[in-house]
Amino acid sequence: MFGYSDRLPALREAVRRFVDDEAIPRESPALAHDLNALEETTHLLRAKAREAGLYGPQLPAAWGGLGLSWRDRSVILEEAGRSFLAPLAMNCAPPDQPNMINLLTDGSPAQQQRYLAPLARGETRSCFAMTEPEPGAGSDPSMLQTVAERRPGGWSISGRKWFISGAVGASFALVLARTGEGATIFIVDADNPGYRVVRNIASIDGFQIGGHGEIELHDCFVGDDAVLGEVGQGFAYAQIRLEPARLSHCMRFIGRASRAMSLAQDYAKRRSSFGQPLAQLQQVQAMVADSHIDLHAARLMTWHAAAKLDANESIKHESAMVKVFVSEAVGRVADRAAQIMGALGMSEDAPVSMILREMRPFRIYDGASELHRSTLARRVFKESRAP
Ligand SMILES: Cc1cc2nc3c(=O)[nH]c(=O)nc-3n(C[C@H](O)[C@H](O)[C@H](O)COP(=O)(O)OP(=O)(O)OC[C@H]3O[C@@H](n4cnc5c(N)ncnc54)[C@H](O)[C@@H]3O)c2cc1C
């Protein structure tokens, strides 16, 4: 129905093998919060993903990737997303994945050679720095406090960013700063003397390569060639990355939540209570059934948006609906999986608790559910959209 390519079944099988044989066996609770070990493991797995022909599913072939359509990608990213590590290994994890979109779409040829080429080869990492501590930009980007002022030959950027995924050890950051009336994205090298990662912010999730950093920019001078695309277009470029970024997140997290439910189903079959396997208890069955309903709806919504992207159609409206529904659905699925598994589901002896923790912030980043709902409803009334 959604028009997948002929090469998809074999590729999916290869990703499944890679996830089961290479990625999942290397997962461990210790790795979830050890940034150095996570970096090392990612490099090791990246070489294996390349050997297996699985590297860069979303990257164009000219940049060393598989050049998959959005529809094929939705299946492959879900498969890879079952594991915390496989998307990193295949270089289709955020923030590098959406940063590559920005560099591909808006970067100059020189910027693409300098920043995109090593990023696409998996030799460097990057981060995207938009959010700021109070009173700066969060849900409302127009509250941006970081300022870039013109200087001879370039710009001086000052401000503070936080929750910047991947910041620790990133080679460069895409920094959103106010320039006059609008905002501009600047490519800032991490070794710029005015740029400093102040700390890694310990957060609810794990397995984030480069953590979630707090960054200080103090009179950080960059040349005119550091401007990504055009001055004043920063918010528009941020939007360009956000729709595909959200959809890719949905794909990976559908895989992760499915894995949590698979583990819960196995547990329910082998574990008994009061003389019956949990799988025969109606309340457990209801949790399993509701999770399958959630995942089925999540997949269909994601695949539909992917098909629209392949047809070069706008997903402005769908993107918000998919993001709200999928982020909440995968959270419900992971929560039920943990519930079915009892104490084991609360522990680090099984990956379900970390999956649950990973799903929670997805309702906040890439636009909080409440924000998407209010934007959706406003559009509905403004355009008199029929339900
Ligand atoms: C794990 C994680 C990773 C992240 N990675 C990055 C990154 O790489 N780069 C980056 O720039 N940022 C990143 N962020 C930050 C993220 O983009 C922001 O948290 C998000 O935009 C919300 O901003 P805020 O935290 O300031 O919340 P606030 O703006 O303070 O909002 C708080 C809450 O208020 C409610 N709310 C806000 N506005 C509205 C509204 N209009 N209508 C109804 N309710 C509303 C919502 O419930 C919202 O959750 C990350 C965050 C997390 C948790």
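**Salt bridges.** I began with the charged pairs and counted 25 salt bridges. I kept in mind that this is a predicted model. One of the pairs I opened was Asp20 with Arg82, where the N to O distance is 3.2 Å. I then checked where the two partners sit. Asp20 belongs to helix H1 (residues 8-23) and Arg82 to the loop between H4 and helix H5 (86-89), so this bridge ties together parts that lie 62 residues apart in sequence.

**Domains.** Next I wrote down the division of the chain: domain 1 covers 8-93, domain 2 covers 126-232 and domain 3 covers 235-382.

**Where domain 1 meets domain 3.** I found 19 residues of domain 1 in contact with 22 residues of domain 3. Between them the two domains bury about 1800 Å², and 63% of that is on carbon and sulfur atoms. Which residues of domain 1 lose the most area to domain 3? I noted Trp70, Glu78 and Phe84, which together make up 42% of what that side buries.

I went back to salt bridges here and found 3 across the interface of domain 1 and domain 3. I looked at the bridge between Arg299 and Glu78, whose closest N and O atoms are 2.8 Å apart. Glu78 is also among the residues of domain 1 that lose the most area to domain 3. For polar contacts between the two domains, I counted 8 residue pairs.

**Which elements supply the domain 1 side?** Two helices each give two or more residues to the side that touches domain 3: H2 (29-33) and H4 (70-81). H4 gives the largest share, with 7 residues. Sorting the residues of this side by type, I got 9 nonpolar, 5 polar and 5 charged.

**The ligand.** I finished at the ligand and listed its surroundings. I counted 17 residues around the ligand, the closest being Phe128, Thr131, Ser139, Phe163 and Ser165. How far is the polar side-chain atom of Ser139 from an oxygen atom of the ligand? I read 2.8 Å. Glu370 also has a polar side-chain atom by a ligand oxygen, at 2.9 Å. With Phe163 the backbone takes part: one of its polar backbone atoms lies 2.9 Å from a nitrogen atom of the ligand.

How values were computed: Residues numbered from 1 in each chain as written. Predicted model: local features only at pLDDT ≥ 70, side-chain atom pairs only at ≥ 80, totals over all residues. Heavy atoms only, no water. Domains from an automatic or database assignment. Contact = heavy atoms within 4.5 Å. Buried area = accessible area lost by both parts, 1.4 Å probe. Salt bridge = Lys/Arg side-chain N within 4 Å of Asp/Glu carboxyl O. Polar contact = N/O pair within 3.5 Å; in protein donor to acceptor, adjacent residues only side chain to side chain. Helix = DSSP H or I, 4+ residues; strand = E, 2+ residues; numbered from the N terminus. Nonpolar A, V, L, I, M, F, W, Y, C, P; charged D, E, K, R; others polar. Near = heavy atom within 4 Å.
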